[in-house]
Amino acid sequence: MNPYQQKKRWKYSLLSFAIVIASGSLLYTNYLVRNIAKSERTRAQVWAMSMKQIVASDDNDFLNYVFAVRDSSTVPAIVTNEKGDIQLSRGLDATKTFIRLEAEDNTKGKPHKKYDIEYFKSELAYMKKQHTPIRLTVFGSQWLVYYKDSDLLTQLKYFPYVQLSVIAIFLMMAYTAFSSSRKSEQNQVWVGLAKETAHQLGTPISSLMAWIELMKEKFNAEDDPLIAEMENDVQRLEIVADRFSKIGSKPQLEEHKVYEVVKDFVDYFRVRVSKNISFEMTGNPYLQAGLNVPLFDWVLENLLKNAVNAIDGKGKIKVDVSGNKIKKQVFIDISDTGKGIPRSKFDTVFQPGYTTRKRGWGLGLSLTKRMIENYHDGQIFVKESEIGKGTTFRIVLKNIRHDKKTAA
């Protein structure tokens with residue numbers, strides 16, 4: 001299992017554990033809510049029976065006890081007759097039960113007040129939706145006692161959702177902070193390692209250049225093709241060292257004809273792979289974009305090596321340079337006739353550590369994505385792929401300008 005898949009499995013495990021905790025919290029809260037709801041219905045029934053006793057009893061001592069029982073109930077309730085007319089109410093918002101009228105009561109000289117019928121109707125409709133009414137028979141007529149959950153029970157119902165939301169927000173903020181800190185630390189390690197690698201390569205490269213010059217003089221081999229190829233490889237090592245030295249700093253982009261830069265590297269690369277793999281170069285030779293050639297060659301090298309590994313024997317690699325004049329973009333499509341990539345892995349292939357090779361590090365495409373997006377302000381993605389037929393990667397660059405001969 002590669003590191004990326006292992007990391008993904010850990011994420012799913014932690015997510016599953018979090019879901020179990022959240023589910024347990026909700027189940028326990030619902031258990032408490034059900035118990036409190038039963039208790040409140042019991043209190044509502046006691047209040048309803050106390051109202052019946054108040055109406056029917058003439059015993060003052062007993063009535064005092066009944067009044068105490070009634071007043072101890074905190075459950076908001078409304079009593080109606082069979083026709084739905086409101087008879088009594090309990091525990092409603094005292095600030096909303098009356099409305100103030102502009103006209104004054106002539107007898108007292110004070111503003112006149114009356115019940116807010118709309119408030120009572122809305123509360124009654126809400127209570128009907130929440131609970132089945134308690135039925136009472138008082139002097140031969142049916143009374144219906146409607147009630148709703150107390151403020152405590154309502155708060156308890158929503159509390160776990162608020163609690164889990166706050167915890168989730170906190171965890172997201174903590175994860176973002178730690179992830180950013182870890183990423184910054186990893187970048188520092190990566191930059192330090194890259195610069196140290198460039199420094200370490202400097203000495204042997206200089207020695208190789210000196211040895212090549214010595215061989216030319218000693219064996220009179222100025223025009224020897226093997227010596228020329230050795231010089232090309234030493235120059236390539238210099239370019240590699242230069243690439244590593246540029247990591248961590250914003251590289252300078254210069255205007256280049258994209259087709260020429262790509263073709264130069266393809267010509268260099270094709271003689272270093274099997275002759276069973278053919279190369280085809282097509283496209284518009286006049287499109288220009290901002291490039292840092294050493295780093296962009298690194299991008300091409302990673303993609304072409306990836307294509308060669310996918311072919312694994314005999315096949316074809318095609319590189320096409322095109323553009324979109326309206327969007328001012330340059331497209332570089334690198335296609336192979338290799339094994340192909342499953343659609344589910346289109347994004348995964350760019351993750352660090354992902355590889356299908358036994359000895360691969362899984363860093364090539366990850367570095368490629370970093371160099372295109374961070375250093376060239378472009379995009380790279382799997383344009384299309386089909387198992388057993390091949391894959392096409394697309395690079396998108398910002399077009400600086402179109403040559404007059406451009407026919408994009």
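These questions and answers walk through a predicted model of one protein chain.

Visitor: How many helices and strands are in the protein chain?
Guide: The model is predicted. Both kinds of element occur in the protein chain. The count is eight helices and 13 strands.

Visitor: What share of the contacts with a separation of 6 or more joins residues 24 or more positions apart?
Guide: The protein chain has 408 residues, and 33% of them are buried. Take its contacts with a separation of 6 or more. Residues 24 or more positions apart account for 66%.

Visitor: In which sense do β8 and β10 pair, parallel or antiparallel?
Guide: Strand β8 covers residues 277-283, and strand β10 covers residues 315-324. Seven bridges link them. I277 has G315 of β10 as its bridge partner. The sense of the β8 and β10 pairing is parallel.

Visitor: Which residue in the turn between β10 and β11 has a positive phi?
Guide: β10 pairs with β11 (residues 329-336) in the antiparallel sense, over eight bridges. N324 has Q329 of β11 as its bridge partner. Four residues separate the two strands of this hairpin. The turn residue with a phi of about 55° is K328.

Visitor: What distance separates the end C-alpha atoms of α5?
Guide: Helix α5 runs over residues 225-246, which makes 22 residues.

Visitor: Which helices do the buried residues of α5 pack against?
Guide: The buried residues of α5 are I227, V234, R236, A241, R243 and F244. Two of the names in that list are arginines, R236 and R243. The packing partners are α4 (151-219), α6 (258-270) and α7 (293-311).

Visitor: Which residue has a side-chain oxygen within 2.8 Å of the backbone nitrogen of L226?
Guide: Look at the start of α5. The other end is followed by G248, with a positive phi near 100°. The residue reaching to L226 is D224.

Visitor: Is H376 buried or exposed?
Guide: H376 lies in the loop between α8 (364-375) and β12 (379-386). Beyond its neighbours within four places in sequence, H376 is in contact with residues including L253, G290, F296 and L397. Its relative accessible area is 5%. The cut-off for burial is under 20%, so H376 counts as buried.

How values were computed: Residues numbered from 1 in each chain as written. Predicted model: local features only at pLDDT ≥ 70, side-chain atom pairs only at ≥ 80, totals over all residues. Heavy atoms only, no water. Buried < 20%, exposed > 50% of the residue type's maximum accessible area, 1.4 Å probe, protein only. Contact = heavy atoms within 4.5 Å. Pairing = 2+ DSSP bridges. Expected span 1.5 Å × (residues − 1). Polar contact = N/O pair within 3.5 Å; in protein donor to acceptor, adjacent residues only side chain to side chain.
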